[in-house]
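Please look over the chain below before reading on. The text goes from the overall layout to one helix, then to the core and the domains.

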Amino acid sequence: MKCTNCSSPMSKTITRHHYKECGLRNVHLDGVALWKCYECGEDELDIHEIEMLHHIIATFLAEKTTRLKPEEIRFMRVHLGFSGSDFARAISVKPETVSRWENDPKHEMNLSNEKLLRLMILAKLGPFTDYQKLREFGKDSSKTSKRMSFKTTTSGWKSSAA
Ligand SMILES: [Zn+2]
């Protein structure tokens, strides 16, 4: 790979990466290729199968028992391919409401809407009929988020024990 900045050849290292670029603060990736240019200092992260990775992250969020944080709501909405206003239309709320959910921790998304968003993520790959599990979603009112770690394998992204 050549540097986009100065065209020098770049060298590759396999590294662990704190994936803040996804908008979440608690996602760590193992086995990611980092290309670095030693001429100008430019570096480029090479993340394969990003759609699959994002789907695994979104599914983690959809199934957690604690409430969703603003940045998690945004991540899930974007993963579904919605603009803020399209998402608002889809679930019959005002666009300002979606914006508050995603930016203002004081304006909490109500749990019914949260479950609707979670179900939209889970229904992306197939039918969801585990209604017993649905009760568990967000039942813990705290907004804590566990650290999420993933590693690349030959068959794609896998959750790796933190
Ligand atoms: Zn360079």
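Helices (H or I, at least four residues) and strands (E, at least two) are DSSP runs, numbered from the N terminus. Residues are numbered from 1 along each chain as its sequence is written. The model is predicted: local features need pLDDT of at least 70, side-chain atom pairs count only at pLDDT 80 or more, and totals for chains, interfaces and linings use all residues.

Just after helix 2, Gly-81 has a positive phi of about 85 degrees. In the chain there are 6 helices and 5 strands, arranged along the sequence as β-β-β-α-α-α-α-α-α-β-β. The C-alpha trace spans about 55 × 35 × 30 Å along its principal axes.

A residue is called buried if 20 or more other C-beta atoms lie within 10 Å of its own, exposed if 12 or fewer, and partly exposed in between, with C-beta atoms placed from the backbone. Of the 162 residues in the chain, 20% are buried. Two residues are in contact if their C-beta atoms, placed from the backbone, lie within 7 Å. Among contacts with a separation of 6 or more, 59% join residues 24 or more positions apart.

Helix 2 (residues 70-79) is mostly covered, with 7 of its 10 residues buried. These are Glu-72, Ile-73, Arg-74, Phe-75, Met-76, Arg-77 and His-79. The cover over them includes helix 1 (50-63), helix 3 (84-90), helix 4 (95-103) and helix 5 (111-122). Setting aside neighbours within four places in sequence, Ile-73 is in contact with Leu-68, Trp-101, Glu-102, Met-109 and Leu-117.

A nonpolar core is a set of buried Ala, Val, Leu, Ile, Met, Phe, Trp, Tyr and Cys residues joined through C-beta atoms within 7 Å. The largest one has 20 residues, and Ala-58, Leu-61, Ile-73, Met-76, Leu-117 and Ile-121 have the most contacts inside it. Strand 2 (27-36), helix 1, helix 2, helix 4 and helix 5 each give two or more residues to this core. Helix 1 supplies the largest share, 4 residues.

Domain bounds come from an automatic or database domain assignment, which here gives domain 1 (11-49) and domain 2 (50-151). The centres of domain 1 and domain 2, taken over C-alpha atoms, are 26 Å apart. Their contact takes 11 residues from domain 1 and 15 residues from domain 2.
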